[in-house]
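Thanks for coming, everyone. Let me put the structure up and walk you through it.

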Amino acid sequence: MMQDTRQSSSRDPLLRVEHLVVEYAVGGKTVHAVSDVSLQVARGETLGLVGESGCGKSTLGRAVLQLRRPVSGRVLFDGQDLAAMHGDTLRQMRRRVQLIFQDPIASLNPRRRIGEIIAEPLVIAGVKDPRKRQELVCEVLSAVGLDPGLVTGRLPHEFSGGQCQRICIARALVLNPEFIICDEPVSALDVSIRAQILNLLEDMKARFGLTLLFIAHDLAVVKAVSDRVAVMYLGRLCEVGPSEQLFARPAHPYTALLIEAIPVPDPDVRPAESVPVGEPPSPMSPPSGCRFRTRCPRADQRCIDEVPELRPVAPDQFVACHHPLIATG
Amino acid sequence: MATLELSIDGDVAVSPIRRTRRLGPLFWAAIAWMSFVFAAAAFAGLLPLPSPTDMDMLERRTPMSALHWLGTDGLGRDELARLVYGARVSLTVGLCAPIIGITIGGALGMLAGYFRGRFETLVVGSMDVLLAFPPLILALAVTAYLGQSLLNLTCILGVLGIPAFMRVARAATLTLARREFVIAAQALGATHARILLRELLPNVFLPLLAFFLLGVAITIVVEGALSFLGLGVPPPISSWGSMIGEGRESLEIAPRLAFIPAITMFLTVLSFNLVGDTLRALTDPRQGAL
Amino acid sequence: MTEPALLSVEGVTVDLPTPRGNLRAVDHVDLTIGAGRTLGVVGESGCGKTMLSRAILQLLPKKAKLSGRVMFDGQDLVRLQPERLRKLRGRSLAVVFQDPMTSLNPVLTIGTQLIETLQEHLELDGVAAKRRSAELLAAVGIPAPEQRLTQYPHQLSGGMRQRVAIAIALSCEPKLLIADEPTTALDVTIQAQILDLLAREQRRRHMAMILITHDLGVVAGRTDEVAVMYAGRVVERAPTPELFKKMRMPYTEALLAAIPKIDAAPHTPLPAIPGRPPDPTRPIQGCSFSPRCRYAAGRCYREKPVLADAESPGHQYACFHPIEAAAGVCA
């Protein structure tokens, strides 16, 4: 399933983010949520975006959809810059890119029935015929494994978290989008339900020919669904590469730290006594140079002075580090 | 192959908690009283009542009798008729003034809570200015300039109620506008108008309605106070407040002239309060998840 | 176990009246834990693990009805007078909750909260309490402890707040610490640090710990014994290595298999458990897991299995069709 995701001209990436900067004010200070991030997602692939809280991954997801306007940078979707669009043109484009949220129950209007909620995108898109809408709604509900007859007349609070997430996925699919951004879609769900939803996403992707940007903080989950993975820390990308490769041989110390910290359900694997690396700094005052340097055992003067750029370190793997774990070049 | 959930008929939904269990006998008594007062006021013309303005100077302050069920007042007018027609005035002002408040205040509040920024500051600021005026004095000033009439009274009370509704609507909108279903609607490409009307309004409506009923109760009392002072509805139109005011003079001889309208007003205001409170209690737990 | 159990939960049942009917949150649970040992309690939402911890601490909501015994250090907590219970809590029996933002008082400084606990239970005077507080904060790995004493919870990060909560819990040298999902709300790197901290402190103080979580990975390397809960009951209990290597209960197997593994290849379909956890207000006849179990057969739908011993000591499970062969750890 590994696709050739290099920047080859034969397949233009569906999404290309260029030098995106997102900042916003909290109190009197500025939060540097996303600082100069560039990435791309090829058609039909799943790019996993992983990082801990405060790293800006959710903000990035929203900035791509222009739900939070970036300060600078371009978001090229199918060649057109979303960041430069407004009003109606942007609204038209939004039909091709959808979003699934972390809290499935809060993503549904508590006072509207499921049938209406799922039909809403169709109404906004101008599908006038109620029967046609009904048909599409039923089709998409069946696709996600819910019985339309039992579901359409009910209110969101009557369903469990897992079912609500299915409903949200159905809503995202009803307009037949090309690209779906999944912002922590399974974090709020029980373990046994997570697997169901992840399988469902994979299934839907295959069936509808989707491209996904999968944002999560759980590396195992990200690895399970992604072709390529990008690791973010405090607003910057640390490393990007194919899933299998990145987890087998991480080049960035932060990636290695994340992998090591994952609790493994194997009693023979005694968790290594973690090196106290302290807390991540605040995004309101990120460290100069490499932002990870305050917690990195390899940091030196160069890391304080110079911001590392993404450089290739292995086939299709890029790392932004002055002292990567795998030598560059 | 996606793993489908098993058929969800049994487990899916427990039917929502029966709300009717919370509505006790007091609630229904309040509804009954309100319906009674409304009906009496609406159909006053059809009831076999003497005219409320017919003065009979020979029959002043007569006690309750078959002819005059509640007796007559200080000017010989039938008390019951005045009470019923007075209900019309009190209820009209009581309902119409808050309607002004809920439409203008509610709209401003929702817009302020949704758009935020300078617009919000402007709205909140102007509401604060309006609130800074002592309400009764403002009412006095307006009636002094524009004259006493039902319309003027309704308008001034309506305008005075706008800030409170604005606050309620804005508070509700602020909490809701940040929730993910609103962002989901934006992500779908919904226009602002659509989001305000289809997503936010259904959720803001119930708290506003609950507050509306409380507003009616308050307005009836305020109108009563103004009329009591002689600054509300002009005579010969009677309202409960003016009847209480007039009854003041007859307290020793016929105390019922003051007490009957007072008790009627009390019961009506209490009923509105009860219903408003119950509605408010009902709307809160709705927001919780499973 | 050679020494008598420090905590022994015997037949504890918790019933909650709700508008929808009686909710049996905890159903005849038996657990024991010895001094210095770690027990992991694993289960998903609605399995009753949080109610169980509340039942042990006697912090149930007023409407709840509790039956059974909770023997702690020779005393039955259920029947203890409130005054003596209050003295036990915080002193010998401590708890750390999931969300440090709500478990710390947002309007009191860290120092006040720590000192308050110390003064209450250890009867230290102000100066001694302040010094001890600073020592505790340093012990839990908070840099610049003296400054932190004057700060408020919202000024600290989630990981820091949880460390403070742990410091408060450990301040009076408790014999038993109940950690209810202590790291669920935290990032994975901070999670590892917090869990290490708990393990370290536990070893130092020879303290018993109950670690409640939904994450099997968390219990794998850090507990001596694991109890798996489902629908209010303990369905399997075993020493940790035994549980992972020779699990008998299909739920345990399914739970383990449903977790995405870091060393699995991408796009491997996950063996998901169909259906969802049962609604506690609608008890299922027969085994609670039967609607979702792939091994379920006739008897499973009619009778509720009880905990029975397996061949190995200390291993119990409740199932009519246990998994026979030793299952691999990573499915």
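Start with a histidine in chain C. His267(C) is partly exposed, because 17 other C-beta atoms lie within 10 Å, and the partly exposed class falls between the exposed limit of 12 or fewer and the buried limit of 20 or more. Where is His267(C) found? In the loop between α11 (250-258) and α12 (298-302) of chain C. Its backbone deserves a look too. His267(C) has a positive phi of about 65°, although it is not a glycine. Why point that out? Because most residues other than glycine have a negative phi.

Before I go on, a caution. This is a predicted model.

Now a second residue with a positive phi. Glu181(C) is not a glycine either, and its phi is positive, at about 50°. Glu181(C) lies in the loop between β7 (176-180) and α8 (188-205) of chain C. Buried or exposed, this Glu181(C)? Glu181(C) is buried, because 20 other C-beta atoms lie within 10 Å of it, and 20 or more is what buried takes.

Let me step back to chain C as a whole. Chain C has 12 helices and 12 strands. Its C-alpha trace spans about 65 × 50 × 45 Å along the principal axes. How does the radius of gyration of chain C sit against that of a compact globule? With 331 residues, such a globule would have a value near 20 Å. Chain C has 21 Å, so the two agree. Of those 331 residues, 48% count as buried. And take the contacts in chain C with a separation of 6 or more: 64% of them join residues 24 or more positions apart.

Next, where chain C meets chain A. The contact involves 43 residues of chain A and 44 residues of chain C. Which elements of chain A give two or more residues to that side? They are α7 (191-208), α8 (219-225), α9 (243-248) and α10 (253-261) of chain A. The largest share, eight residues, comes from α7(A). By class, the chain A side has 23 nonpolar, 10 polar and 10 charged residues.

On to chain B, and its helix pairs.

Pair one is α2 and α3. Helix α2 (residues 25-42) of chain B and α3(B) cross at roughly 105°, and their axes come within 8 Å. The angle falls in the range from 65 to 115 degrees, so α2(B) and α3(B) are roughly perpendicular to each other. From α2(B), the contact uses Val37(B), Phe38(B), Ala40(B) and Ala41(B). From α3(B), it uses Val84(B), Ala87(B), Arg88(B) and Leu91(B). That contact has seven nonpolar residues, no polar ones and one charged.

Pair two stays with α3. Helix α3 (residues 79-115) of chain B and helix α4 (residues 117-132) of chain B cross at roughly 145°, with axes that come within 7 Å. Left-handed or right-handed? The crossing of α3(B) and α4(B) is left-handed. On the α3(B) side you find Leu108(B), Leu111(B), Ala112(B) and Phe115(B). They meet Gly117(B), Phe119(B), Glu120(B), Val123(B) and Val124(B) in α4(B). The classes here are seven nonpolar, one polar and one charged.

Helix α6 (residues 150-177) of chain B packs with helix α8 (residues 192-228) of chain B at an angle of about 150°. Their axes are 9 Å apart. The cut-off for this class is over 145 degrees, so α6(B) is roughly antiparallel to α8(B). This crossing is right-handed. Residues of α6(B) in the contact include Leu153(B), Leu157(B), Gly161(B) and Phe165(B). Among those they meet in α8(B) are Leu200(B), Asn203(B), Phe211(B) and Glu223(B). The contact of α6(B) with α8(B) divides into 14 nonpolar, five polar and one charged.

Last stop, one alanine. Ala185(B) is found in helix α7 (residues 180-187) of chain B. Ala185(B) is buried, because 23 other C-beta atoms lie within 10 Å, and the limit is 20 or more. What does it touch, leaving aside neighbours within four places in sequence? Ala185(B) is in contact with Ala190(B), Ile195(B) and Glu199(B). Now compare its place with that of Glu79(B).

How values were computed:
Residues numbered from 1 in each chain as written. Chains lettered and ligands numbered in written order. Predicted model: local features only at pLDDT ≥ 70, side-chain atom pairs only at ≥ 80, totals over all residues. Contact = placed C-beta atoms within 7 Å. Helix = DSSP H or I, 4+ residues; strand = E, 2+ residues; numbered from the N terminus. Nonpolar A, V, L, I, M, F, W, Y, C, P; charged D, E, K, R; others polar. Axes fitted to C-alpha atoms, helices over the stretch in contact; angles between N-to-C directions. Parallel < 35°, antiparallel > 145°, perpendicular 65-115°, else oblique. Left-handed = near helix turned anticlockwise from the far one by under 90°. Rg over C-alpha atoms; globule rule 2.2 N^0.38 Å.
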